[in-house]
Each structure stands twice: as structure tokens, then as C-alpha cells.
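The sequence and the structure come first.

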Amino acid sequence: MHSTAHSFKDNAKAAVADPQLKRALGHVKSGFIGKRAKAAARLPEFEALRDAARDIKTHTLEHLDLYLERYEENVQAAGGQVHWCASADDARAAVLDICQRVGAKTVTKGKSMISEEIALNDHLEANGITPVETDLGEYIIQLRHEPPSHIIAPAVHLTKDLIEADFRAEHTQFPAERQLSEPRQLVDEARQVLREGFLKADVGITGANFLVAETGSSVIVTNEGNGDLTQVLPKVHIVVASLEKVVPTLEDLSTILRVLARSATGQEFSTYTTVSTGPKRPGDLDGPEEYHVVLLDNGRSQMLAGELREVLRCIRCGACMNHCPVYHAIGGHAYGWVYPGPIGSVLTPALIGVEEAGNLPNASTFCGRCESVCPMRIPLPKLMRHWREREFERNLSPAAVRYGLAAWAFLARRPALYHWLIGLEMRVLGAIGRRKGRFARLPFAGGWTRHRDFPAPQGKTFQALWAERQAGRGR
Amino acid sequence: MSGREAILGAVRRSLKRQPEDAAARAAVEARLGARQRGPIPARAQLEPGAQVDLFQTMAEEHAATLTRVARAEDVPGAIAEYLSGHNLPQRLRAAPDPALENLPWDRHPLLNVAHGRASASDEVSLSGAFAAVAETGTLMLLSGERAPTTLNFLPDTHIVMLKTSQVVGSYEDAWARVRAEFGNGKLPRTANFITGPSRTADIEQTIQLGAHGPRRLHIVLLDDGPGGNGPGNAG
């Protein structure tokens, strides 16, 4: 996917000025937060499960090479094949190669963030193969030629009237006067249209929420059933997955599944959790004849080396963005690449470079809600600070920030000068602002005063008051 | 260098490990061999009768419907009644499983039953469950020559026959039964955990049932005695 993360500030400005987007994003705030809280409260073991889930992934990542080897052995033992792909290019080529070998014209797709990461649809289309997204949200944004704006609710930035307009423009096979204003009617129409896609597809491509080393299985967690129709009907099933998806055993899978749906949508369990192991067996009446796993690295093996390893625990539930005040204000597209919200702010710079995406980790108030709800206990604010430091080290921060920080550091190392200067500033500002008690404009503080007044300082500085108080106690 | 070696090499460099690290290998083998369970919710550890009741409560909470029957020969009647109650055609595509084929369908001559995989024109399907997990009201269905997966997803209405002896507390208990049947580390091609009918909230976060999979999930629960959590009790 082409990145616009470098123009994050402009993207964000445009997003907050979009009233339609604001209406749509209201559903994120009202929908996800309460449901997650309720589901977590209903399971007394929830916090213990979060700890256990974190520990499973930490152990797995520490032994990732060995679990990947075991996973591949077991995929092969079940009659499947693993294609190891170091880069997005390699992964696109591997998928295309399989599709071309079996003469595929249409491929159906279950929802997969990795396929977004490697821009698979564009590549298939450029080579004469038609990809059909079958997750309702993904289907809607495919019609609009847009990327997803949320990792589990890709069309959350749209209101139903926009979707109705798209369906009317695209589905010209239906009578123009039909009723289509209710979600029920939109869902039924998409169901009818996509049914034909499922039945004629030559290859089905899904992602994987997990890969299980013990059995060589891939696991998808869905609600619509589109992922299952995608993988059971065509003659070839391709799984695209990144290498950190592996877990050791079915027991480990079960533990993490208990926190996934609750954190994501607030469901006790998703409607469909499907564990797939290899192609059709002798005697099976349905299922794919070939089973392939396109296993993507794309920079993740490098992330294992340092602090960023913790990001690889992510199970893509979306809780961090559902609870993020910045995401609530600007939505997912402003982040400019595949993964929005707090997880995008730490993952995107690692995958496409801090030069391109260095603005994202700055888009945080450090309120810490993301970390407090992350089922895998990823320290997202700490990792955003990691990227801010890298950005500063590489001289990528704006000049105003650099000079400002340098000036502040100069003063902070000279406490006497600092106190004198701040005290002076407070007195001057206090004197000028005494009449109104606030400033509508202030030099160097345009970013603040453009949106709200700056209160005029009153009385002494905190340091001065503190010193007086200490002196008073000593008496 | 192949993609495989390049990736595994890069992973090992980041982990600062040699390929032949005996301690690390031993840790991995131990973990895979132990199949250690994580925290199991208390609600998944009830006595068998309460577990069946919890299964029913949770399944109904997830918009599945459920009828209990006392004898196997009551199953066809319960299905015929469900279909007429929902104005559905008296026509079924059932899994080619002797346990379903041998039910006394002939007592309901209006009910037309064919066996096999589902096709696009089938409106109602019938499958047999392998197990059911009480903690979330979740069915577990396994694929095989007697259990085509298309039955679970293509038709508008999916009916599942489940026995009380198949109800277990946790997902881990269900996996234990799978291992008892198929052996350690071996799974059938597809294991489907199903909790209620298909749904989506992709349009303005409003929940709609029947997105792509079944609009209705109906469970016929046959009382064949107590369940239990041991692997040797695979109804």
C-alpha cells in the first residue's frame, strides 16, 4: 500500500474538518468501549488471562525460529506447503505464482491485514486476476477504492447513506426503486451479490489470526462466515500470514482466544473460529485440493532484536484504536498506511521507516488508555517514546522542536537561570494579562491559542510557592 | 540463499542464537509436550448438568435456538416442527453420517432428507457436533467424510444435533477429546467453533444476523446422559 504517513499533519487536519467522518467515528466511541468493559467485567479471570496471553507470546517470540520450523514440518505433514517470503514483493510473487499455475481468474478474499500490507489486490489486478473482498466492510471499501480505516472494522469511517449510494452505483442489476436505506437491506444485498463470487472463485485467500506449531494449523476468527466460504469452496486455499502469528499449542491458542474477541468487539467469543490443517483429506466431500501458507517477514525478524519485539505480541484486536482519543478525532485514514491508531504508530515506523512515518508516534497525548486495554499488555506509550527518540537522533524532528528542546535543555541544566527567567516571564505575562485574565494570542504559542485562550499567570511560580512553604515549615 | 534460510537466519541473529542451541530446543520440546493449560474460567468447571445448562444459556444469548429431546427417535420430529414453525421448506441436506442417516426419518414422510455436501440451492442443513463448549455456548464441528464443512456455512438455516454427553466446559476440554480421537498433534482438515448464527456490525456498528453464513442456527440437544470433562467420554 502506498503510504501518506509523511503528510500525517495535513491528513489529520482534513479529517477533523470532515463532518461526515465525525458522525461515523461516533460509532467507534459509543460501540466498542462499553462492550469491551462489560465483557471483561463478566469474566473474573480476564486479567489473569491477559498475563497468560502475554507470557505465551513472549515465550514464543524468544524461540520463534524453532516454533516456525516445527510449524512448517506439521504443515507439510498435513499435505500443505509454506512459502517463506522475506519481503512484500516476494509474498506478492508467491501468491500470483500459485494463482497463475492453477489458471485462476477470480479469487475470493477473507479479511487480511497482511494482504493490505503487501498490496496484494493491486498486484493481482495488474496481472489480470480479479480479487473479490468478501468481508462486508472490506467489500464496501473495495467498491470505493479505499484502504481500510480500522483493523477489524474496515468501513467504520462510513455512514450508511454513503454505502447506500455506492451500492446503487455499483449494483445496477437491481431495480433502481428498491429500498436500501437500512443496514439490514444493505447486508442482504451484499450477501446476494457476494454469493455468486464465492461460487465462481478459483482460489480463496484468507489471513490468519494464529498459526499453531503443534498441529501446523492456521486459525481465522470471524463473525460473518465469509472467511469460511472463501476457504472451503475454491480448489486452492492460500493463507497469507506474518511470522509472529505462531503460537505453540492448542491450549495456548485457547488462552489467547479468550482475550481476543472480548478485547476487540466485546463478544464472549466470535461467531466462527476455524482451525484449518492442510488440504482436503481422502474421503472428504469438500474443501480445497491445495493448501498454501505465504509466510511473510517484511522486517519483523529485525524487530525481534530490540525493544520493538514487544510489538510482535499484537493480536490485532483493535482495542488500542477503539480507546484512543486521537483515533476518535481523526479516524484511521489520516495515519496514512495499513495500521492506524496506537499500534500503527509503533508498527508503521518499523515497517516502512521512521523517515516516512515519524509523525505517527507524535500523535499521542500519552493518556495511556491503549496500554491499559491491550490484551497482550504491549507498552504502547513507551514504544512511541522509543520512536520519538529515534526521530530526534536522526535529525528528523522539525527545526522548531529541535531548537526549542535545545533551548529548554540549556536552561534546565542551569536551575538558577531557569527560575529567574520563568519567574520573570510569569510576572510579565501576569502584568500584561491582568485585566482579561487570559490571552487570545501569544508569541510562540499559536498552536495553543488558535483553539483556546491561554490563561494569564496569577501570583508566584510553583517553585517560589514551594520554597516559601518549605521555609514556613522550617520555622 | 532461500527465503526460508534467510528468514530463519535473520530471526536467529536478532535472538542472538545459534541454530543448535540445545537448551532452547529442549524448552520448545517441553512446551509442546506439556500442553500446559492457561487459566481456565471457573464457569468452565461446573458439574456436568450445570455445564449443559450454561451451554444452553450462552448459545441462546448468542442468538442460537435450542430444543431438548429425550430420545434419538424424537430428533426428526423436533426438526420438522422447527421448520414448520419458521415457515421453512421441509427439505434438509444432512451430513452423510450414520448417526443422522439412521434416525427414523420415515415417520415424517413430508420431510425430505438428502445426504451429502451442501450446494448453493440447499436452504436447510443438518450436521452432527463433535463437542460443545459450555463457557461461551460454542459448538465444535470437525470435517471428515461424514461431515462436509459446506453444510455449516452455505445454507440459510443450519441445524446441529448435539448430545449432552458431548458438552464440555472449556475449549481445552474439547481439544482433549479431539486428541483422544485423532492422536496428539493431529487434526482433521477443519475444526469449526461456531457460536450463534453469522453476523456483521460493519455498517454503523449495528449488529445484523446472516451476513454470509447461516441466518439461523438451531441446536437439537439430545439427552444421552451426563457429559464430563475427561477425554475418554467422547459421546
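## Salt bridges and the interface

In this predicted model, the side chains of B:R215 and A:D188 form a salt bridge, with N and O 3.0 Å apart. B:R215 is in the loop between β11 (208-209) and β12 (216-222) of chain B, and A:D188 is in helix α10 of chain A, so this pair joins two chains. Side chains of opposite charge can pair when their charged atoms come close. A second salt bridge links A:E251 with B:R179, and its closest N and O atoms are 2.7 Å apart. The two pairs are listed below.

| Residue in chain A | Residue in chain B | N to O distance |
|---|---|---|
| A:D188 | B:R215 | 3.0 Å |
| A:E251 | B:R179 | 2.7 Å |

How many salt bridges are there between chain A and chain B? The count is 17. Over all chains, the count comes to 51 salt bridges. The interface of chain A and chain B also has 47 residue pairs in polar contact, counting pairs with both residues at pLDDT 80 or more. On the side of chain A that touches chain B, α10(A) gives the largest share, 11 residues. By class, this side of chain A has 46 nonpolar, 26 polar and 28 charged residues.

The size of an interface is often given as the accessible area lost when the parts come together. Chain A and chain B bury about 7,700 Å² between them, and 55% of this area is on carbon and sulfur atoms. Of the area that chain A buries against chain B, 10% comes from A:R191, A:E251 and A:R258, more than from any other three residues. In terms of contacts, 100 residues of chain A meet 79 residues of chain B.

Helix α10 of chain A (residues 183-200) also packs against helix α9 of chain A (residues 160-170). The angle is about 35° and the axes are 11 Å apart. The crossing of α9(A) and α10(A) is left-handed. In α9(A), the residues in contact are A:K160, A:I163, A:E164 and A:F167, and they meet A:P183, A:L186, A:E189 and A:A190 in α10(A). By class, this contact has five nonpolar, no polar and three charged residues.

Notes:
Residues are numbered from 1 along each chain as its sequence is written. Chains are lettered from A and ligands numbered from 1 in the order in which they are written. This is a predicted model: local features need pLDDT of at least 70, side-chain atom pairs count only at pLDDT 80 or more; totals for chains, interfaces and linings use all residues. Side-chain values use heavy atoms; hydrogens and water are left out. Axes are lines fitted to C-alpha atoms, for helices over the stretch in contact, and angles run from 0 to 180 degrees between N-to-C directions. Helices (H or I, at least four residues) and strands (E, at least two) are DSSP runs, numbered from the N terminus. A crossing is left-handed if the near helix is turned anticlockwise from the far one by less than a right angle, and right-handed if clockwise. Contact means heavy atoms within 4.5 Å. Ala, Val, Leu, Ile, Met, Phe, Trp, Tyr, Cys and Pro count as nonpolar, Asp, Glu, Lys and Arg as charged, and the others, Gly among them, as polar. Buried area is the accessible area (1.4 Å probe) that two parts lose on being put together, summed over both. A salt bridge is a side-chain nitrogen of Lys or Arg within 4 Å of a carboxyl oxygen of Asp or Glu. A polar contact is a pair of N or O atoms within 3.5 Å; within protein, one must be able to donate a hydrogen and the other to accept it, and residues adjacent in sequence count only if both atoms are side-chain atoms.
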